[in-house]
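Q: I am new to this structure and would like a close look at one part of it. Please keep to the charged side chains and how they pair.

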Amino acid sequence: MTTMYRWSLFVLLFVICMEVSLQKKTRNGPQTLSRGWGDYISWVQTYEEALKTMKESKKPLMVIHHMEDCPHSQALKKAFAVDKTIQKMAQKDFVMLNLMHETTDLNLAPDGNYVPRIIFVDPSMTVRLDLAGKYSNRQYTYEPSDIPHLAKNMKKAKLLLHTEL
């Protein structure tokens, strides 16, 4: 009798743990390509797809390199996701790609492999080294307080696209 009671208790405990685990998974929802950077933005999945889409659409590409476990990436992601101007430009005027791994294209790491890093590429396949952040030691990084500077660079990427092509 006590063995039966122990097994029943064990099964009950197991079922409760599984239920809690399932609730946590469904509460967070499925992982999307946005990874929290903006759910209303149309994100491409790979760098190759981004280059193809960029050439077809004639829109500049914005590549965001980040890591899920990096506090700087997380802080920038939050600021990026709530800024209406950035979100609107990203939705309308750019091919958007966010990566949690490096690509084989070394042009996307002109001053090193660090995160967060945002690089712009124009439809002529030119990496826009002139559109940098504020820091000399990590030229393409942005912090949450740099969102206005990022917005300026996004506007420059759009304007120069139309004057150079």
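Which residue forms a salt bridge with Asp-93, and how far apart are the closest N and O atoms?

A: In this predicted model, the partner of Asp-93 is Lys-158, and the closest N and O atoms of the two are 3.0 Å apart. That lies inside the cut-off for a salt bridge, because a Lys or Arg side-chain nitrogen has to be within 4 Å of a carboxyl oxygen of Asp or Glu. Lys-158, at 23%, counts as partly exposed.

The pair can be set beside others, as a search of the whole structure finds seven salt bridges. One of them joins Lys-134 and Asp-146, with 3.6 Å between the closest N and O atoms. Both residues sit in the loop between strand S3 (117-121) and H5, twelve residues apart, and the pair links distant parts of the chain. Lys-134 is exposed, at a relative accessible area of 52%, whereas Asp-146 is buried, at 2%.

A salt bridge also forms between the side chains of Arg-128 and Asp-130, at 2.8 Å from N to O. Here Arg-128 counts as buried, with 5% relative accessibility.

In general, oppositely charged side chains can pair when their charged atoms come close.

Methods. Residues are numbered from 1 along each chain as its sequence is written. This is a predicted model: local features need pLDDT of at least 70, side-chain atom pairs count only at pLDDT 80 or more; totals for chains, interfaces and linings use all residues. Side-chain values use heavy atoms; hydrogens and water are left out. Buried means under 20% relative accessible area, exposed over 50%, partly exposed in between (1.4 Å probe, protein chains only). Helices (H or I, at least four residues) and strands (E, at least two) are DSSP runs, numbered from the N terminus.
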